[in-house]
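Subject: Structure for you to look at

Hello,

Here is the structure I said I would pass on. My notes on it follow below.

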Amino acid sequence: MKVSSHCTEALNAMDEISQVAESVEISAMVTQDTAPWGLQRISSSTTVSGSPRGQDFAYTFDDTNLGEGVDVYVIDTGVRATHDVFSNGGRVALGFSAFAGADASDEAGHGTHVAGTTGGLIFGVAQKTNIISVRVLDAQGRGNTTDTIAGLNYVVDQHTRRKNQPGFKGSVINMSLGMGGLAPSFDEIMRSVSEEGIHIAVAAGNDAVDACGSSPASQGGANSAIVSVGALTIDDTISEFSNIGECVDIFAPGSQILSSWPAADNTLNFLSGTSMASPHVAGVMAYLLAQDSTGALVNDPAALKAKLLDMALSDKVEGNTQGAANLLLSNGADGSQQRLVKNWVIPDVGGDWASKRWQVHSYESPVVY
């Protein structure tokens, strides 16, 4: 019900009425009590304590959406679609492969790990989102701009087809890759993709230098609606490898991140890199798009970027940002305000990654892009 200003003033003048205030929507927050440290960090106002390899962390979120209706395109080495973390609804599509005779499955591991952080059960931010594998990198994690542009064209075509369909909530790209230098023509293409209404998160890079010197991370900051992501350790310190500078929009968990691994359907692995930070942001993008009941954000990457940065925790990042915004990714929840508890159980696998049913790779993987 709408109330005019003079009615509000009259009500506030009554002795028996303490205050007249606008009614706002309230939703219950759910807590998943088995989660990697990164998920607790993005859903809590306080620093996480403990070992980054521990399993006593909690993820707090609004259970009404978790990215449902949003398409996330993982432009990477491919995705193992059959992995158990994607078992709730067959949410992974093998969309595009730049390699003749090969589909968009993962032969390297990097893409499956990224996809798990974006939208996998237990280990992912937006656990109901649609994940589309766009394979532009080979089994060694290498590729070229020509194939990557072909993958971007595929995404634009799919977004154009999908954007008027019922239930569609938006398209997000995660691009955990980099050129190793500036590629102005590629950056121009990235901006044009964003201008199509597609939301993009990119890794800032792992050379501990200015992100403005490498594409597509250079498109972060004030340069476009693309979000460039730096990496943090569990104690909110900038990861020693993370690029910094004015082109970095936001920092997210990126050191010793546990997620899905394609050796088998129940294998996991710890990886470190801004590659691991970016999918946290892509997941929160999907989460926010699914929450947007008005539809105002669906085709407006600049507005979603502004909302993402406005929700971030400020002045929490430790270390020399070299001009990067001191912002830490947040999904808007506060883990100290937990109301319900949810234990995700993956069929025939179980939710405890320390159990024998989860196979965690025992070796320490190198830093990846």
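Which residues does glutamate 318 touch, not counting residues up to four places away in sequence? The model is predicted, and in it the residues touched by glutamate 318 are Asp236, Thr237 and Ile238. Glutamate 318 itself belongs to the loop that runs between strand 12 (313-314) and strand 13 (327-328). Its relative accessibility is 46%, so glutamate 318 counts as partly exposed. Leucine 232 is 86 residues away from glutamate 318 along the chain, yet their C-alpha atoms are separated by 8.8 Å.

Next, helix 3. Helix 3 covers residues 110-119 and helix 6 covers residues 274-291; their axes come within 8 Å and cross at roughly 35°. The crossing of helix 3 past helix 6 is right-handed. On the helix 3 side, the residues in contact are His110, His113, Val114, Thr117 and Thr118. They meet Ser275, Met276, Pro279, His280, Ala282 and Gly283 of helix 6. Sorted by class, this contact has seven polar residues, four nonpolar ones and no charged ones.

Is helix 3 enclosed or open to the outside? Helix 3 is largely enclosed by the rest of the structure, because 10 of its 10 residues are buried. Among the buried residues are Gly111, Thr112, Ala115, Gly116 and Gly119, and also the residues His113 and Val114, which take part in the contact with helix 6. The cover over these buried residues includes helix 6 together with strand 3, strand 5 (130-135), strand 6 (170-175), strand 10 (257-261) and strand 11 (267-271).

Strand 3 also comes up among the aromatic residues. The structure has three aromatic pairs. One of them joins tyrosine 73 and tyrosine 154 edge-to-face, with 6.5 Å from centre to centre and 80° between the planes. Tyrosine 73 is in strand 3 (residues 70-76) and tyrosine 154 is in helix 4 (residues 145-162), so this pair ties together parts that lie 81 residues apart in sequence. Tyrosine 73 has a relative accessible area of 2% and is buried. Tyrosine 154 also counts as buried, at 18% relative accessibility, because the cut-off for buried is under 20%. Ring pairs link Phe96 with Tyr73 and Tyr154 into a cluster.

One more item concerns a charge and a ring. The charged end of arginine 53 sits over the ring of phenylalanine 270, at 4.1 Å from the ring centre.

Regards

Notes: Residues are numbered from 1 along each chain as its sequence is written. This is a predicted model: local features need pLDDT of at least 70, side-chain atom pairs count only at pLDDT 80 or more; totals for chains, interfaces and linings use all residues. Side-chain values use heavy atoms; hydrogens and water are left out. Helices (H or I, at least four residues) and strands (E, at least two) are DSSP runs, numbered from the N terminus. Buried means under 20% relative accessible area, exposed over 50%, partly exposed in between (1.4 Å probe, protein chains only). Contact means heavy atoms within 4.5 Å. Rings of Phe, Tyr and Trp (its six-membered ring) pair if their centres lie within 6.5 Å; planes under 30 degrees apart count as stacked, over 60 as edge-to-face and the rest as tilted. A charge sits over a ring if NZ of Lys or CZ of Arg is within 6 Å of the ring centre and within 35 degrees of the ring normal. Axes are lines fitted to C-alpha atoms, for helices over the stretch in contact, and angles run from 0 to 180 degrees between N-to-C directions. A crossing is left-handed if the near helix is turned anticlockwise from the far one by less than a right angle, and right-handed if clockwise. Ala, Val, Leu, Ile, Met, Phe, Trp, Tyr, Cys and Pro count as nonpolar, Asp, Glu, Lys and Arg as charged, and the others, Gly among them, as polar.
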